[in-house]
Amino acid sequence: MIRQIKVMPYFYRDRPGSDIFLIGVKLMVRVIIADDEIRICKLIINLINWDELGMEIVGIADNGIDALSMIERENPDIVITDIRMPGY
């Protein structure tokens with residue numbers, strides 16, 4: 001299975017006002033958030049600066065069935081989930 005990989009350019013500036021150099025790319029870590037309370041999902045999304053950490057949210061699920069199908073479809077690196085959710 002071939003998966004598209006999102007990359008972020010990684011730049012370097014040795015001092016203010018100097019030229020910026022592209023020194024590589026940083027692979028984005030794919031994250032799925034699963035919780036039956038949508039306000040908790042929103043809190044998690046807004047609490048963390050995902051881009052700064054090199055992560056991207058690839059999906060949000062509000063029940064266990066949707067979370068499982070999303071995990072199988074998106075193949076995330078990290079899943080943040082509630083312990084007990086409806087849908088089983």
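The side chains of arginine 73 and glutamate 74 meet in a salt bridge, with a separation of 3.7 Å from N to O. The structure described here is a predicted model. Within this pair, arginine 73 is exposed, with a relative accessible area of 52%, whereas glutamate 74 is partly exposed, at 22%. Glutamate 74 also meets arginine 30 in a salt bridge, where the N to O distance is 2.9 Å. This second pair links distant parts of the chain, since glutamate 74 belongs to helix H2 and arginine 30 to strand S3, 44 residues apart. Arginine 30 is buried, with a relative accessible area of 10%; this value counts as buried because the class comprises residues under 20%. Through shared partners, salt bridges join Arg30, Arg73 and Glu74 into one network.

A search of the whole structure finds three salt bridges. One of them is formed by arginine 39 and glutamate 37, whose closest N and O atoms are 3.2 Å apart. Arginine 39 is exposed, with a relative accessible area of 59%, and glutamate 37 is partly exposed, at 34%. Side chains of opposite charge can pair when their charged atoms come close.

The strand that carries arginine 30 is part of an open sheet of three strands, in which the order is S4-S3-S5 and the pairing is parallel. The edges of this sheet are formed by S4 and by strand S5, which spans residues 78–81; each of these two strands pairs on one side only. From one strand to the next, the twist averages 25°. Helix H2 packs on the sheet and touches S3, S4 and S5, and the direction of H2 makes about 140° with that of S4. Strands of a sheet pair through backbone hydrogen bonds, either parallel or antiparallel.

Strand S3, comprising residues 29–34, is joined to S4 by six bridges, and these two strands run parallel. Valine 31 has isoleucine 57 of S4 as its bridge partner, and isoleucine 32 stands opposite glycine 59 in S4.

Asparagine 63 is found in the loop between strand S4, which covers residues 55–61, and helix H2, which covers residues 64–74. The N-terminal end of H2 is capped by asparagine 63, with a side-chain oxygen lying 3.1 Å from the backbone nitrogen of isoleucine 65. Apart from residues up to four places away in sequence, asparagine 63 touches Met85 and Pro86.

Beyond its other end, H2 is followed by asparagine 75, which lies in the loop between H2 and S5. Asparagine 75 has a positive phi of about 50° although it is not a glycine. Most residues other than glycine have a negative phi, and most peptide bonds are trans. At 38% relative accessibility, asparagine 75 counts as partly exposed.

Considered together, these features place helix H2 in several relationships at once. The helix touches each of S3, S4 and S5. It contains glutamate 74, whose partner arginine 30 lies in strand S3. At its N-terminal end it is capped by asparagine 63, and after it comes asparagine 75 with its positive phi.

Notes. Residues numbered from 1 in each chain as written. Predicted model: local features only at pLDDT ≥ 70, side-chain atom pairs only at ≥ 80, totals over all residues. Heavy atoms only, no water. Helix = DSSP H or I, 4+ residues; strand = E, 2+ residues; numbered from the N terminus. Contact = heavy atoms within 4.5 Å. Pairing = 2+ DSSP bridges. Axes fitted to C-alpha atoms, helices over the stretch in contact; angles between N-to-C directions. Salt bridge = Lys/Arg side-chain N within 4 Å of Asp/Glu carboxyl O. Buried < 20%, exposed > 50% of the residue type's maximum accessible area, 1.4 Å probe, protein only. Polar contact = N/O pair within 3.5 Å; in protein donor to acceptor, adjacent residues only side chain to side chain.
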